[in-house]
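Thanks for coming. I will take a few minutes to walk through one structure, and I will keep to what can be read from the model.

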Amino acid sequence: MMLAIARALRKRLSTMPENPSATAPPCPLWRRLLALVYDLLIVVAIMMVAVMIGLLLTHGQLVDAQGRMQALWFPPFEGALVAAYFMTSWLRGGQTIGMRPWHIRVTRADGGTPSLQQVVIRVLVASAPLLLLMLEPRIGLHATLWALLLVWAGWFAVALFDPRKRALHDLAANTEIRLLV
C-alpha cells in the first residue's frame with residue numbers, strides 16, 4: 001500500500017512543472033493598475049518619512065518662503081527611497097505590498113524571480129516619465145501633470161497589445177506580471 005502511494009506521489013510530482021510561475025497566466029492590465037493604486041499609498045508613506053528626514057537634516061529649511069527647494073539632494077534621496085521599496089519587493093519574492101492582495105507577481109520570462117539588473121532596468125524605465133516634471137517651470141504644473149499622465153498611459157497601453165500583457169518597462173527588463181495560481 002505504501003509503495004503504491006509513493007509511486008503515485010512520484011508520478012504526480014514528475015508531471016508538475018518545475019517552476020509553477022512559468023505556466024501561470026499573464027496578469028490583466030486592470031489588475032496591475034489596481035495593485036499600483038495600493039502601492040501608491042505605500043509611496044505616499046515613504047515620501048512622508050523622507051520629508052520628515054529632510055526637515056530634520058535641514059533644520060526645517062527644506063524649502064524657502066517662495067516654495068523653492070533648498071536642499072538639492074532631497075529629490076534624488078526621495079526617489080532612491082521609493083525605488084528601493086519597489087526593487088527590494090521585486091527581489092524578495094516578486095511582489096510589492098500592493099501586488100499581494102491581487103495575487104500577482106513580477107517574474108522573469110521563465111517564471112523565476114527577476115535579477116538585480118532586471119529590477120533596476122524595470123524601475124528606471126517605469127520612472128522615466130517623471131523626467132517630464134522638469135518641464136513644470138516652462139509649461140506650468142497643470143500641463144506637466146497631464147503630459148505625465150498621458151505618457152504613463154502610453155507606457156501601460158503597450159500591455160493591451162502584447163500577447164503576454166507586458167508594459168513598456170516589462171519589455172525593457174524582460175519581465176512579466178503573472179497571476180499566482
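This is a predicted model: local features need pLDDT of at least 70, side-chain atom pairs count only at pLDDT 80 or more; totals for chains, interfaces and linings use all residues.

Let me start where helix α2 meets helix α6: Leu29, Arg32, Leu33 and Leu36 in α2 are in contact with Phe156, Ala159 and Leu160 in α6. Sorted by type, the residues of this contact are six nonpolar, no polar and one charged. Helix α2 covers residues 29-57, and its axis and that of α6 come within 10 Å and cross at roughly 150°. Angles over 145 degrees count as roughly antiparallel, so α2 and α6 are roughly antiparallel to each other.

The whole chain has 181 residues, of which 33% count as buried. Its secondary structure comes to seven helices and two strands. Reading from the N terminus, the order of elements is α-α-α-β-α-α-α-α-β. If we take contacts between residues at least 6 apart in sequence, 64% of them join residues at least 24 apart.

Back to the ends of that first pair. Lys165 sits in the loop between α6, which is residues 141-161, and α7. Is Lys165 buried or exposed, or something in between? Its relative accessibility is 32%, so Lys165 counts as partly exposed. Along the sequence, Lys165 and Leu29 are 136 residues apart, yet their C-alpha atoms are 7.1 Å apart in space. Leu29 is one of the α2 residues I named in the contact with α6. Setting aside neighbours within four places in sequence, Lys165 is in contact with Pro26, Cys27, Pro28, Arg32 and Ala159.

Helix α3, residues 74-91, packs against helix α4, residues 116-127, at an angle of about 140°, and the axes are 10 Å apart. With that angle, α3 and α4 are therefore oblique to each other. The crossing of α3 past α4 is right-handed. Which residues make the contact? From α3 they are Ala83, Phe86, Met87, Trp90 and Leu91, and from α4 they are Leu116, Val119, Val120, Arg122 and Val123. By type, that gives nine nonpolar, no polar and one charged.

Arg122 deserves a separate look. Arg122 is in helix α4. Its relative accessibility is 4%, and buried means under 20%, so Arg122 counts as buried. What surrounds Arg122, apart from neighbours within four places in sequence? Its contacts there are Arg32, Trp90, Val106, His169, Asp170, Ala173, Thr175 and Ile177.

Gln95 has a relative accessible area of 12%, so it is buried. Again leaving out neighbours within four places in sequence, Gln95 is in contact with Ser89, Trp90, Arg100, Ile104, Arg105 and Leu180. Trp90 turns up here as well as in the list for Arg122.

Two of the contacts of Gln95 can be given distances. A polar atom of the Gln95 side chain lies 3.0 Å from the backbone oxygen of Ile104. The Gln95 side chain also makes a polar contact with the side chain of Arg105, at 3.4 Å. As for Thr113, it is 18 residues from Gln95 along the chain, and the two C-alpha atoms are separated by 9.8 Å.

His103 lies in the loop between α3 and β1 too. Although His103 is not a glycine, its phi is positive, at about 55°. Its relative accessible area is 43%, which means His103 is partly exposed.

Asn174 has a positive phi as well, about 55°, and is not a glycine either. Where is Asn174 placed? Asn174 is in the loop between α7, residues 168-173, and β2, residues 175-179. With a relative accessible area of 40%, Asn174 is partly exposed.

To recap the two helix pairs: α2 and α6 are roughly antiparallel, whereas α3 and α4 are oblique.

Conventions
Residues are numbered from 1 along each chain as its sequence is written. Side-chain values use heavy atoms; hydrogens and water are left out. Axes are lines fitted to C-alpha atoms, for helices over the stretch in contact, and angles run from 0 to 180 degrees between N-to-C directions. Helices (H or I, at least four residues) and strands (E, at least two) are DSSP runs, numbered from the N terminus. Angles under 35 degrees count as roughly parallel, over 145 as roughly antiparallel, 65 to 115 as roughly perpendicular and the rest as oblique. A crossing is left-handed if the near helix is turned anticlockwise from the far one by less than a right angle, and right-handed if clockwise. Contact means heavy atoms within 4.5 Å. Ala, Val, Leu, Ile, Met, Phe, Trp, Tyr, Cys and Pro count as nonpolar, Asp, Glu, Lys and Arg as charged, and the others, Gly among them, as polar. Buried means under 20% relative accessible area, exposed over 50%, partly exposed in between (1.4 Å probe, protein chains only). A polar contact is a pair of N or O atoms within 3.5 Å; within protein, one must be able to donate a hydrogen and the other to accept it, and residues adjacent in sequence count only if both atoms are side-chain atoms.
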